[in-house]
Amino acid sequence: MNELYAQLCRYDTQAWRKAVETLAAEIHPIDRNATRIWFAFYPLDLFLALEASSEDPAATARKLGLMGNWRLSEQIDTSHRFLYAHRYWPQVKSAVQHAPAPWPDDLAALVSAIAESAARTARVDREFLLGIGAVALMTLRQAGPDAFAAAPGKIHLSERARALSPHQVMTQRTRDDWQGVFGFLRGLKKQWTVRFDEGDPDAAFTLIDGQEIATAAQTDTRDYHSRDPRCTPNEGPIPVECRAASCGTCWVGVIAGAEKLSPVVDRDERRRMKVFGYLDSPEEQPLIRLACQARAHGAVTIVIPPWNGVFASCYRREV
């Protein structure tokens, strides 16, 4: 695996982006958005900037305003829980560890070879494992061969979540809440469900039509602070500080329902997203949003990254 790691070190950010873009149409729709979001959550350029810094790593992290856990070496088995293919992680990890040389020089072809090998073991179609195959190789690249090999390779999902079929998951993602036969006659505003962890059936809160996601999350007063110190006690699962697009703490990935969110037409959100390094894209309804600005007009499924920062100086990319 050391030789495979050495080969991965030769690919720059552009090569990784090209590989993901090349494979995007072949990735099963259930993980197509999730794969793009994962690569936005764990950018190679940020890792390289931290690795190359001559300063103490903690000092560099403070300079970039990093909070939470951005280190892939500490999340080898868990960073990709929001991909449906996470349930096949043991087979994918094994395929990476035991991939026979020689490997394809083309990165997209290498990802495809890993997916095909894992698919034979897992007995699923290759399209399900292309996304997590790319994730596995990037994880090896950032975590290193020793840490990658030492990770147990466990699945971090409940039995109930693992039992769901792709059709069931995708149906749940696209279904808007039923408002009742006479809901419109009662003059009540529509309410939508926001899911933030598909592996936990209780990980959801209700949003009033047109409300910002972060504001709606405040109604969920369960204890999230003990799990993630970035969360304000009794103010929901999404870390947030300013509610004015100034802090960048509340960035989220939109796995499903991006088209149901208000467009990124507010100059503050778009400008600040570029400053943070989260977004440099002309899309009006991208997959990365600030929860304090994005207003929902339907049920959406999001994923909350385990860290945030202000690191645009490290790189520029499109999501």
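**Core, contacts and open spaces**

Author: Leaving aside neighbours within four places in sequence, Leu 129 is in contact with Ala 85, Tyr 88, Val 92, Ala 115, Ala 118, Ala 119 and Val 124. Please keep in mind that this is a predicted model.

Reader: Which residues have the most contacts inside the largest nonpolar core?
Author: They are Leu 129 and Ile 213. That core, the largest nonpolar one, has 99 residues.

Reader: Which of them lie nearest its centre?
Author: Arg 81, Phe 196, Asp 197, Ile 304 and Pro 306 lie nearest the centre of the largest pocket.

Reader: Which element gives the largest share of that lining?
Author: Strand β6, residues 300-303, gives the largest share, with three residues. By class, the lining of the largest pocket has 15 nonpolar, seven polar and nine charged residues.

Reader: And how many cavities of 30 Å³ or more are there?
Author: The count comes to two cavities of 30 Å³ or more. The largest cavity has a volume of about 110 Å³. It is lined by 13 residues, and Tyr 84, Arg 87, Val 169, Glu 198 and Gly 199 are the closest to its centre.

Reader: What does the lining of the largest cavity consist of, by class?
Author: It has seven nonpolar, two polar and four charged residues. Helix α11 provides the largest share of this lining, three residues.

Reader: Glu 198 was one of the residues closest to the centre of the largest cavity. Which residue does Glu 198 form a salt bridge with?
Author: Glu 198 forms a salt bridge with Arg 173, and the closest N and O atoms are 2.7 Å apart. Glu 198 lies in the loop between β2 (191-195) and β3 (204-208), while Arg 173 lies in helix α11 (residues 166-174), so the pair ties together parts that are 25 residues apart in sequence.

Reader: Is Arg 173 buried or exposed?
Author: Arg 173 counts as buried because its relative accessibility is 6%, and buried means under 20%. Glu 198, in contrast, is partly exposed, with a relative accessible area of 23%.

Reader: Why do such side chains pair at all?
Author: Side chains of opposite charge can pair when their charged atoms come close.

Reader: How many salt bridges does the structure hold?
Author: The structure holds 11 salt bridges. One of them joins the side chains of Arg 36 and Glu 283, at 3.7 Å from N to O. Arg 36 is in helix α3 (residues 29-41) and Glu 283 in the loop between α13 (267-276) and β5 (288-290), so this pair ties together parts that are 247 residues apart in sequence.

Reader: How accessible are Arg 36 and Glu 283?
Author: Arg 36 counts as partly exposed, at 29% relative accessibility. Glu 283 is partly exposed too, with a relative accessible area of 30%.

Reader: What about Glu 116 and its salt bridge with Arg 126?
Author: The closest N and O atoms of Glu 116 and Arg 126 are 3.5 Å apart. Glu 116 sits in helix α7 (residues 107-122) and Arg 126 in the loop between α7 and α8 (130-143), 10 residues apart. Glu 116 is partly exposed, with a relative accessible area of 36%, and Arg 126 counts as partly exposed at 25% relative accessibility.

Reader: Which residues are joined with them into one network?
Author: Salt bridges that share partners join Glu 26, Glu 116 and Arg 126 into one network.

Reader: Lastly, what should I note about Asn 234?
Author: Asn 234 has a positive phi of about 65°, although it is not a glycine. Asn 234 is found in the loop between α12 (213-217) and β4 (251-256), and is exposed, with a relative accessible area of 52%.

Methods
Residues numbered from 1 in each chain as written. Predicted model: local features only at pLDDT ≥ 70, side-chain atom pairs only at ≥ 80, totals over all residues. Heavy atoms only, no water. 1 Å grid on protein atoms, 1.4 Å probe; cavity = no way out; pocket = protein on both sides within 12 Å on 5 of 7 lines; lining within 4 Å. Helix = DSSP H or I, 4+ residues; strand = E, 2+ residues; numbered from the N terminus. Nonpolar A, V, L, I, M, F, W, Y, C, P; charged D, E, K, R; others polar. Salt bridge = Lys/Arg side-chain N within 4 Å of Asp/Glu carboxyl O. Buried < 20%, exposed > 50% of the residue type's maximum accessible area, 1.4 Å probe, protein only. Points joined across faces, edges and corners; volume = space filled by probe spheres on them. Core = buried A, V, L, I, M, F, W, Y, C linked by side-chain atoms within 4.5 Å. Contact = heavy atoms within 4.5 Å.
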